[in-house]
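Here's a quick briefing to read alongside the sequence and the 3D view. Have a look at the picture, then work through the points below.

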Amino acid sequence: MIRFKGILLEDNYRHQGLRKRLIAELEYKGISDRKVLEAIGKIPRHFFLDSSFVEFAYQDKAFPIGEDQTISQPYTVAFQSELLQVQPMQKVLEVGTGSGYQAIVLMELGAKVFSIERVKTLHSRTKELLHAMGYNPRLFYGDGYKGLPSFAPFDRIIVTAAAPSIPDMLLQQLKTGGILVIPVGDSSGIQVMTTVTRQTDGSFIEKQHGQFRFVPMVENKK
Ligand code: SAH
């Protein structure tokens, strides 16, 4: 039970049961990383939606979180988390904090999370919610295209908005052996989930992992 904006939020047996079903659905759809499934099993996703939409929280769907933004579909969160191959204590940069749900999945995987959001109201609201839930990732209000040069390099970087191309600034902030996961493509259409791995000789290997649809990655703060 937590208190957020004066409202008590509880995580009861019904929610836990719905989460079990969601996990079975994600497994059925091809997610096999036990740690990722366990993380999703622990986190009350209904805390991230407006309380009147609790029934939607455990459906495998994206959902509006205000400011024209969405909390990503659980399958997408699981798929990106799986591709990221996070190890405990790794430094992970997320671009697009949004609701904070993906950030918490990364924390449950043991990562040290740094997350950037360009919409001020979302940044502030999410900071408050995560704090109330007892999570304290480093949350930044800023433009994710720039990454966080003063905290770089990162073991992992995950972008949760559609990027027209792979931002060079993010590649520069990736450690050797590091992995970037990013949906690349025109924001009005579909994007291709892409991983980029930084090799010891400084070169990058790019791989593609199917089509997804994200809200656009936008330059400059709001
Ligand atoms: N990871 C989020 C998904 C949110 S949707 C979650 O789990 O809920 C993508 C988010 O990226 C939106 O909140 C949007 O405002 C943000 N965004 C878009 N362009 C950005 C940029 N250049 N820098 C930082 N955040 C950005």
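**Rings, a ligand and one glutamine**

Search the whole structure and you get nine aromatic pairs, where rings of Phe, Tyr and Trp (its six-membered ring) pair if their centres lie within 6.5 Å, and planes under 30 degrees apart count as stacked, over 60 as edge-to-face and the rest as tilted. This is a predicted model, so local features need pLDDT of at least 70 and side-chain atom pairs count only at pLDDT 80 or more, while totals for chains, interfaces and linings use all residues. Residues are numbered from 1 along each chain as its sequence is written, and side-chain values use heavy atoms, with hydrogens and water left out.

**Aromatic rings**

- Phe 114 and Phe 140 are stacked, because their ring centres sit 6.4 Å apart with the planes at 15°.
- Phe 114 is in strand β6 (residues 112–117) and Phe 140 in strand β7 (residues 138–141), so this pair ties together parts 26 residues apart in sequence; strands here are DSSP runs (E, at least two residues), as helices are (H or I, at least four), numbered from the N terminus.
- Phe 114 also makes a tilted pair with Phe 151, at 5.3 Å centre to centre and 45° between the planes.
- Phe 151 lies in the loop between β7 and β8 (154–159), so that pair links parts 37 residues apart in sequence.
- Phe 114 counts as buried at 8% relative accessibility, whereas Phe 151 is partly exposed at 24% (buried means under 20% relative accessible area, exposed over 50%, partly exposed in between, with a 1.4 Å probe and protein chains only).
- Phe 114, Phe 140, Phe 151 and Phe 154 form one aromatic cluster.

**Around the ligand**

- The ligand is surrounded by 27 residues, and the closest are Glu 94, Ser 99, Glu 117, Gly 144 and Val 218 (a residue counts if one of its heavy atoms lies within 4 Å).
- A polar side-chain atom of Ser 99 is 2.6 Å from an oxygen atom of the ligand.
- A side-chain N or O atom of Glu 94 is 2.9 Å from a nitrogen atom of the ligand.
- For Asp 143, a polar side-chain atom lies 3.0 Å from a ligand nitrogen atom.

**Gln 173**

- Gln 173 sits in the loop between α6 (168–172) and β9 (174–184).
- With a relative accessible area of 4%, Gln 173 is buried.
- A polar atom of the Gln 173 side chain lies 2.9 Å from the backbone oxygen of Lys 146.

How values were computed
Polar contact = N/O pair within 3.5 Å; in protein donor to acceptor, adjacent residues only side chain to side chain.
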